[in-house]
Amino acid sequence: MAEEDDTKIRILQSLRGKICEAKNLGPNSGPNRLRDLCTFCTINLDQEEVYRTKVYEKSVSPFYGEDFYFEIPRPFQCLSFYVYAKSMFQKDQPVGKVAIKKDDLYKYSGKENWFHLQSVDPHSEVQGKVHLEMKLNELITETGSICQQLVVQIIACQGLPLISGQNCDPYATVTLVGPARSDQKKTKVKKKTSDPQFEETFHFEVTRPGSYKGRSNFQVEEEDIEKLEIKVELWNNGNLAQDVFLGETRVSVKILRNDHVHRAWYLLQPKGNGTKSKPDDLGSLRLNVTYTEDNVLPSACYTALRNLMLKSPDVKPISASAAYVLGDICRESVGYEALLPVVRLLLHHNRLLPFLTAVAALELENTQEANTIFRGNSLATRCIDDMMKIVGRSYLTVTLKPVLNEENLQGYVQKVFTSITQSSSSCPPLMCDVFRSLRQLASKRFPADPHVQYSAVSSFIFLRFFAVAVLSPNTFQLRSHHPDPEISRTLTLISKTIQSLGSWGSLSKNKLSSFKETYMYDFFKLFQEDECIEKVKKFLDEISSNVSKESSGVEDLFVLKEGEVHKRAQGRKRIGKKNFKKRWLRVTNQELSYHKQKGKEALCIIPVKNILGVEKLDESAFNRKNMFQVILSEKPLYVQAGNCVEANSWIEVLSQVSRCNPGRLSAFHPSAYIGGSWFCCKEANENTPGCKPSTATVLANIQLDIDCDRETERIFSFFSSNLSRLQKMEDACAGMSVYLGQQKEQEEYSAFTIQDPKETFRTIKELRSVLEDLQAHHESKGALTDEPGTMENPIVGKTA
């Protein structure tokens, strides 16, 4: 397997948020009013759709309520949200869009905002980049006269959009534009490619010939080169249909004043900047969008900070640990969001349980009443919440998904209760260990209360785990989309019932009045019966007892990913549309299978242990984007995903689940074997070893998907954003320690949890040293950033 580049910086992008609701969709009047149409939303990276909501019924102000999260696997210019009107017999019609430039995403991070919908102008729908070269030549004609000639070479393009789901047939026009001229030339059309190689050169005269020998004696009529520019437009050849605009860029000729040759990549821009003088009133869309970009350095750069965080569970008191300090200083700015990478890092290194035990013990020390145990939003409860969401996802799937998929949810409230109370054998071991620790701590803190050992556990497993999952099943992948209002109402009532189990004291008659619905009142009375109370108690005992669950020795089967793809028939020798068919692809921790449709029997099952590699497939192999290959000992499995996000997700999951296979290949063929040879290396022998090193797989827990370097980089980012708070905490420690100076007023440091100022001060000093070193690494690596104009860092060209 190829070795990872020790100097490489990984730029990892992710997007999360929520499509909340729309208001007053469509024109205010006229035949296009949308009161009788159904709508849906899409999320697009440039022009590539990467997410779609379900269709919502007839309303001009629909509530979508759909959460989204995905990794972004490629560079992009613009993030867009489209609203479409669904049509049964015609093409879905765009109502409007919200377009946010990548550089502006930080303005809206983590907040809900209303955005006015813009009209969808075909000339504003662009993506991709163009590689060009320009130079000025001075030529002497046969008559001895002199003129200047501008030479423009269109080298290539990358990342042009699909047209009607297929690769485009692109060509470029090159125009020299000036105050009194507009000379246009055109390249040849390239067939079925989003990454065309043009390699075509065009010449433009920019001055009129004059006498070379006696030039000073003649009035040479020259154009003002400062006012000339080259305009490059990309188009899709429509053959019999109208050509489609793909984007443009403009480069001033004056750039050649300092460079004899200018060669660079440029991002394609909308025509005329894609703006309208008077926008239509098409309605508005409420969104919550958070874009994150992590510049992850080589692993060795994070050793010191990672070790300092991993030492946290051993620090006494726990409030003096680096992990606790991070949560303390970030509480005012981002709440306890900064704790998630800490939880993930500790979890990966099997250090989470002692940390959770220590922070829970600290909270219990400050809890005065048994009936308020773990009820607030604290550092301890947030860490345990995050842990349950990470390790308990498959537990939720096994326990709740079969019940939530029932058509009539209202009739299955009892099924939810039964499914939960009989699910103890599926509860993840780490959750059981944490619950056992909480139970022991609570009993020790309140020895006179016989119920506190149960409420300490039920407040998490019912209130913060099952009840939340039932209320928002789409967030935990229990349903594909946010439920409609009628189902949401039923889920709310079921969630409310589950919440009641979170408080041992709530199983009493005085709580019945909280249910306004008669049938829920009658149902809740069931929980007063001794039989039901004993079932809850038995369940809590089983998930928090000292008795280890018996293991069958067979690993539980759990689904890692499934979805619709296009699969190429294995062994076919020719290229053709008929060779690709829709299939339902499903990968578990044990096998990869494909089916004719979701829920149908498998057409083929491939044991995970048989996978020799998972790699991207060059677009040129089958003239299709977003393809990947699952390399097997016989024929490779060629698969086309719906978009770049899905392709990246499939490759990541399949690579992780097969990363420890002993037969994984060290090299692979990035293209296909068709027509008697490999497209990539032209070797005729089908069994010849691969011509490209295999992609190194970053080790991660496949079920938990934890990248420790990325988590440590996020921890560094949170510390860096809160250095002023870290300084205040350091000052507070100094003020509390007599030997470090005059003690400050209580208000100066009451915002922090400082049990031992000397130990906390020592941790902060160590943190400062580690953070400064890591910042120096970032600055030194930043000097290696690609210059503007490279393929990785293209220039944003001018617009009209």
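View 1. Thr421 belongs to helix α7, residues 413-421; helices (H or I, at least four residues) and strands (E, at least two) are DSSP runs, numbered from the N terminus. With a relative accessible area of 10%, Thr421 is buried (buried means under 20% relative accessible area, exposed over 50%, and partly exposed in between, with a 1.4 Å probe and protein chains only). Apart from neighbours within four places in sequence, Thr421 is in contact, meaning heavy atoms within 4.5 Å, with Lys535 and Phe539.

**View 2. The whole predicted model and its confidence.** This is a predicted model, in which local features need pLDDT of at least 70 and side-chain atom pairs count only at pLDDT 80 or more, while totals for chains, interfaces and linings use all residues. Residues are numbered from 1 along each chain as its sequence is written, and side-chain values use heavy atoms, with hydrogens and water left out. The protein has 800 residues, of which 50% count as buried, and its secondary structure comes to 16 helices and 29 strands. The mean pLDDT, the predictor's confidence in each residue on a scale from 0 to 100, is 83, and 84% of the residues reach 70 or more.

View 3. Where pLDDT is low, the predicted coordinates should not be read in detail.

**View 4. The crossing of helices α8 and α12.** The axes of helix α8 (residues 429-445) and helix α12 (residues 530-544) come within 7 Å and cross at roughly 105°; axes are lines fitted to C-alpha atoms, for helices over the stretch in contact, and angles run from 0 to 180 degrees between N-to-C directions. The two helices, α8 and α12, are therefore roughly perpendicular to each other, a term for angles of 65 to 115 degrees, whereas those under 35 count as roughly parallel, those over 145 as roughly antiparallel and the rest as oblique. Helix α8 contributes Cys432, Phe435, Arg436 and Arg439 to the contact, and α12 contributes Leu540, Asp541, Ile543 and Ser544.

**View 5. His262 in strand β16.** His262 lies in strand β16, residues 261-267, and is buried, with a relative accessible area of 8%. Its side chain makes a polar contact with the side chain of Tyr266, at 2.8 Å. Not counting residues up to four places away in sequence, His262 touches Leu132, Glu133, Met134, Ile255 and Leu256.

**View 6. Leu774 in helix α16.** Leu774 is found in helix α16 (residues 757-782) and is buried, with a relative accessible area of 2%. The C-alpha atoms of Leu774 and Leu305 are separated by 8.2 Å, although these residues are 469 residues apart along the chain.

Notes:
A polar contact is a pair of N or O atoms within 3.5 Å; within protein, one must be able to donate a hydrogen and the other to accept it, and residues adjacent in sequence count only if both atoms are side-chain atoms.
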